[in-house]
Structures are given as C-alpha cells and as structure tokens.
Amino acid sequence: MELHIENVSKQYRKAVWGLRDFTLKLGPGVLGLLGPNGAGKSTLMRIIATITRPSSGTVCWNGADIATQPDALRRVLGYLPQDFGVYPNLSAVEFLTYLAAVKGLPQQRARQRIDELLHLVNLTEAAYRPIGGFSGGMRQRVGIAQALLNDPHLLIVDEPTVGLDPEERVRFRNLIADLAGERLVLLSTHIVSDVEATATSIALINHGQLLRHALPEELLHAVEGKVWGWLVSSDALTTLKTQHLIANTTRRADGVLARIVSDSTPDPAATPLPPTLEDAYLYFIANRQEAA
Amino acid sequence: MNALFHLALADFRERVRRFSFLAIVALGVFLGYQVITGFFQLRLGNYRGVLNAAWIGALMSLTLSFFLSLIGFYITRGNVQRDRETGVGQILAATPLRKLAYVFGKFASNVAVLLIVVGVLALAALAMLLVHGEDKMLDLAQLLLPFLVFSVPVALLTAALAVFFECAPVLRTSTGNVIYFFLWLFIVTPLGGDLLAFEAIEQGMTVALQAQGAAYQGGIVLGAGPSGELQPFLWTGFDWAAVAGTRLVYVTAALLLAGLAALPFERFAPEQSRVRAQRSIIKRWLAPLGARLRAITRRADATPATPNIPRSAQALTPVTASGKPVRLFVTLVAAELKLLLKGRALLWYVAAAGLFLACLLSPLETVRGTLLPLVWLWPLLLWSEMGVREAHYRVDQLLFSAPSPLWRQLPATWAAGVSLALLLGGGALLRFLAEPALLPGFVAGALFIPSLALLLGMTTGTERSTQILLLIWWYLGPLNGLAALDLTATTAAALAQGIPWLYIAITPLLVGLALLARQRQLHAGQ
C-alpha cells in the first residue's frame, strides 16, 4: 500500500497557487496534515480524492496514476470532505444505504456494516430520523460513517472534528487510532490536539508547500530548548506579544505565565519548558513566514 | 432606506457576477434579434405598420412585455431562497432589518435585473430602426416611451410576484413554479389586453389604419409570420401621456404586492414553517396514520442485521465492492428511484395512484388525449431534480469520489427517471399493449422527458429551466396538440407524422450530451 505524490502543483489563477511542487511518499499509518487556513490542505485532499486534477505532477496509488485510473483508488477510498451536504429527506440509514449502492457494495453486507457504523458514531438512536433535522455534529458523524462504508484502504478526512462536541471528538480520535494499521489515513486539520492523539507522522504545510514531514517525536525534538515560560505582569503582556511568538498564556495570582516559542531565551527570568506539538507547529509555520 | 439600498445592491452584485446573469442578457439579445429579423411581428390582419420609430418601439416593447411576464418571473426568483440556503438569511434576521425593507430590497434587485433586459431590448429597437427602418427618423420619444410606459410596469409587477412567491409558504417551493405557469396561463394571459397594453395599442393602431382608408375591424396579433404579404400603413404613435395614467395602477399594484410579501415572510425562522405545515388539514388527518405506519416499518427495519455490536473499528464487518455489475446497477437504480420518490407529500402518491387507476379504467381515447398528458405532468418536480440534486445538496464530492461516477452513477440516475415514467404511466402502458400503434407515443414520453430533464438539470444547474421548458412543451404539445411538440402523440396528426419516433431517436443524443456534461462536472475543479 503506497501513495506517492510527486511534484504536484495546482494553479487556480495566474498568481494563485493551491499547491506548489508538493512531494510526499506515504505508507500505512495516520498522517496528520497540519497547516493554517488556506495552506493548501483541502486542495491536496481533493486531488488525492480524485475530485480535482493537479495542474502538474502525479499522484500514484499502488503504482497506478489516479488521473488516468481513478477507479483503482475510488474502490478503496473513504472520503470525508470539509464541506459536504446530505439529502435532508432521507434518514441516516437510507442515506448510507444509498451511498453504499453508489460505492458498489453488496446490499446485505452493506446493511450490516451501516448498523455497526451508526453504533460506532453514536447515531443508533437517530438512525431513522430525516437527516434534515440533525445538528451539525450529527451530520458530521453521518459523514464519518459514510467515509468508512467501504472498509477503505485510504481514508481521507478533511477537518473531521469540526462541529463535534468534546465527547464525540474523543470518540472520533479513538476511531481513527483503531483504524490505523494496514491502511493509510490522511487527517487534515488545523487543530493540533487532534493530530497529537492519532498521527503516526505529521506533514506541515503552508502556502501550498510542504514545510516538513516527520514523526511527531522528531518534530518535538526539533523544538527542544526553544519553549520558555515567563511570568510577566498583565500590563507587560501586550508588549510581549509584539516581540515574541506566544503559544498560550495562563493567568495566575501573581501575573500571567506566557509560553514563548523562541530560539533563544526571551529573558534571563524565563525558564525552559518541555515542548508540545503545538509549539513545534507554531515554530515551523512562523519561521517559514519570516523566511518568506 | 440605507439598509434597503445596500441590500438591493448586494443582491444585484451577487447576481450579475453569476454565469446565469449572462444567460439573462443573452436571452434579451436573442429576443431583440428575433424581432429585428422579423420572426416576431405585430400585425392587424393583413396590415403592418411602416417600420418607423413608433412602430418599432411598440413592437419591441409588446414582445418584451409578453416574455417578461412569464420568463421574467423565473429568471428573477430565487434570491430569498439563496439567503435561506447560504445562511445569509439568518445573519440578516439577527439584525434590526425590517421585513418590509428586506422584501423591498429583493424587489428592487429583481427590478434592476429585469430593467437590464428592458435596456437590451431598447438598444435592439434603436438598432432595428437604424438598420431596418423604412423611416429612419430618430424620434427617441416614440421609440423609447413604449418601454417606459408598457414594459417597465410589467417588469415591476413580475418582480413583485417573484418576491411574493419567494416569501409565501408552498409558493416558495418548486410547486410555486408550476403554480405561476398556470396562473400566467389562465389569469395573466386573458388579462393581457390591459396588463400588457394590447388594448391601448390596438385602439390607436386601428384608428390610424381606418383613417388611411382600410375597413379593418379585427384586433392586433403578436406572433411569428411572414412579412412579405402584409401591407404597410403609417402609424406615428399616440399620446403616451394619456395611457401613462392607467399604467400607474400596475406600478402601484406591484409596490403593494411587494409590500404584501412581508406578511407571509417568515424571516428565516424554520420552526414557523414547520408549525404552519403541521396545521395543514390533510396532515392533521393523516399524521396519526403516518406515525403508526412509520412505527411499524421502523420496528421491522430497526432490527439490527447483526446481533454483534462492534466495540471498535477493527471489529466492523469487512466489506468489498460487489463483483456483479448488473446486480449492482439494478441496486443503484432502485436507490436513485427511492431518492426521487422520497419526501413527497402523501397526496402526491394518492394522485399518482389515482392517475394509474384512471388510465386502467377510462376509455382509451381519454387515456390518450387527457390522462397521459397528466401522467407526464405529475412527476415534473421529481424529474426536474435530476442532474441538479447532487450540487444542490452538496453531495457531489461524496458521489464523484466513488467508483464510476460517469458510467454507472449517471446512467442509473437516468434509468431511475425512466423507471418513474414507467411506474406512473404503467396503467396507460397496459392499455396501449392492446393497441400497439399507440405504444411509440408512450415510449417517447417515458424516454425523452427524463432524458431532457437530466440534460437540462446538468447544464443549467437549476430545476427552474426544466420546469418552465417542460411546462411550455407540455402545454403546446400533448395538451394542445401542436403536432411538432406532441411527442406522446395525443393527436392523430402527430401519430400520422411519426412524431414519437423522432423523439425516440433524439433521446440517445440527449443522454450522450448528459454524459458529456457529467464529464465536464467531474473535471470542473481542474
């Protein structure tokens, strides 16, 4: 099982690039694709999902170019787009049954799997209600269920936890962690904690370009000694924000503890802190922007 | 007032930046071209006016008014619905914007769009005078005043009707498109003498014609016809100011109607529509029965196919794509058919069953001449969803990332449309089996109509185009027996000319074009 993205570019208009010379080779596991809004994550997802063709470059699934042989991938593809709709008059069961037919699944097996999937995404109670009356989070769970309908070898989920409450978010993370193994999961998000919990490797993307593809521990290692805690007064915080990259702040009785990502110590009073993936993400994105 | 202006401006800008706006302007240009080339004529028996500023102005504005009153409605409606679907409506509802300001904003935007069409035709009138005029004297008042006095009130009234239909329950759905067509057919057209200013123009022209020695007593006719045989007479127009007063009545009516739209407008509160729907008498009668039926079917359906509830994704039943393409296709057609039929009012199914039975039990001539046209009309709203539904409900990405979106999904959609025709027309089909000469008419209807609907839906991206075109087609052909359009051969003339065979032959072309359109959709993001 191999997905090979080679020198893929997508140009929308003359000076507008969705992706530029993007190269990545992936095997089984969960790839967390991290990047700010407009970084090119959804463009990459749509290209891999055979919805959009690249302006140049190739994407090969197990050696087959998906531009010329899209069905080779589509048969084993599960795709949850960032922005998708549903047929509001259908119930969750009817909608999934319809999509099972579209995906070419045998009816009886599909029916069994639909019941199981609805249980997994916690929709059994609402299974026979029209989807038109579902909340945003419930619709998102229907989307997750449809992506898993055909037991996909390649699962692409684009901002999957949008609209989910904390409990459902944890449930989804566990689901993704369960699915990893002999399949490839591409999880695109800008929520670092989602990736932290599930990804076996991480690709950082910004301005349509791959900044770094590494294991989570490699990313953490790269920012070792670059994260600092500094207790400052509330008044000083505003000035501090203009001078340093602040990952977060914690209000305390004696002031505000600022978590600063910096190559060197911001102040002799600052103490080094163990880095998180969010620190690493901010460090690489900020450094890239400065370089640009 | 400021809010109204900006609302109308934003709505207008949103429209003019859509591809459909180009289609509207193209329609205006096409209409003007048809008048310039003499396809549309205004005549009094064997007489026509000398092509001067007055005659060309009247001819162009009358033609425009006639089309605006029908097509104008369909090209302007949809802006309130767009606010509902995009969620912009809910943002507006949370502002101090008043309902009256909102409906007038939308009305103003509608008017602006229609006035652009009026402008295009006014330019066409000028071009016609300069190129084809027999008296090229540029009398701008006589040339352009008919647009202001005749066409603008019609544009205002049409724009107001579009807003009213968008705000009123039931009328705002696709059913409203069908209702407007019949309203136009049975109310607007008979009133046309006054509304479209036929009577005023007719009087003025008849007086001028009689003054030149002709003993003509009949009315004026607007339509297609040869120009060579008509005798010209001089008409220099009449006192437009005298007519303008009565036209103000229509302007006032348009403003009142636009204002009235604020009354049923629910200000984007979905609960209100639901409550109103629940109050429907039929629903009140049938609700308990439906609930019981749902409970029974749910119990049967809800039995899990497997008693093993998976604890993790690893424990899910493994599934792979079926290797039986025919069975797979049949399953998909059934799923598409269910999708077409799902969510209709119970009354729809009752009427469909009634039509089926009536076809079985009525005399053959009634089936052929009356019931079959009704059978083709009844699923119009269902057929008009074909080719549009995926994009409308934003399901396209899910479908297009599944296997064979071109060669399996689209043919299945088409087959579901044809199956619907066979299902609803089954009663007529059974009767025609005993009268094989009538079978081609049935087959033509069952194949051609869903194919055309699919193609139109895919190419125009809106249900309205299918609804209006099929309604006009249905009215002129199957209902009124215009042989060339009578695809189901409800008349002996159409049958004798082999019209159904023509439509059967065209069907593969339509399906082929629909496949091309789908291919284009699949590559749209490239």
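Me: How many residues does the contact take from chain B and from chain A?

Reply: In this predicted model, the contact takes 40 residues from chain B and 47 from chain A.

Me: Which helix gives the most to the side of chain B that touches chain A?

Reply: That is α13(B), with five residues. Helices α12 (281-302), α13 (325-341) and α18 (396-400) of chain B each bring at least two residues to this side.

Me: What makes residues of that side nonpolar, polar or charged?

Reply: The residue type decides: Asp, Glu, Lys and Arg count as charged, for instance, and Gly as polar. Sorted like this, the side of chain B that touches chain A has 21 nonpolar, 15 polar and four charged residues.

Me: Where are the domains of chain B?

Reply: The domain assignment places domain 1 at 2-271 and domain 2 at 325-522. Their C-alpha centres are 32 Å apart. The contact between them takes seven residues from domain 1 of chain B and nine from domain 2 of chain B. On the domain 1 side, helix α8 (residues 174-195) of chain B provides the largest share, six residues.

Me: How do you know which residues F95(A) touches?

Reply: Two residues are in contact if their C-beta atoms, placed from the backbone, lie within 7 Å. Leaving out residues up to four places away in sequence, F95(A) touches V86(A), Y87(A), L90(A), I131(A) and V142(A).

How values were computed
Residues numbered from 1 in each chain as written. Chains lettered and ligands numbered in written order. Predicted model: local features only at pLDDT ≥ 70, side-chain atom pairs only at ≥ 80, totals over all residues. Domains from an automatic or database assignment. Helix = DSSP H or I, 4+ residues; strand = E, 2+ residues; numbered from the N terminus.
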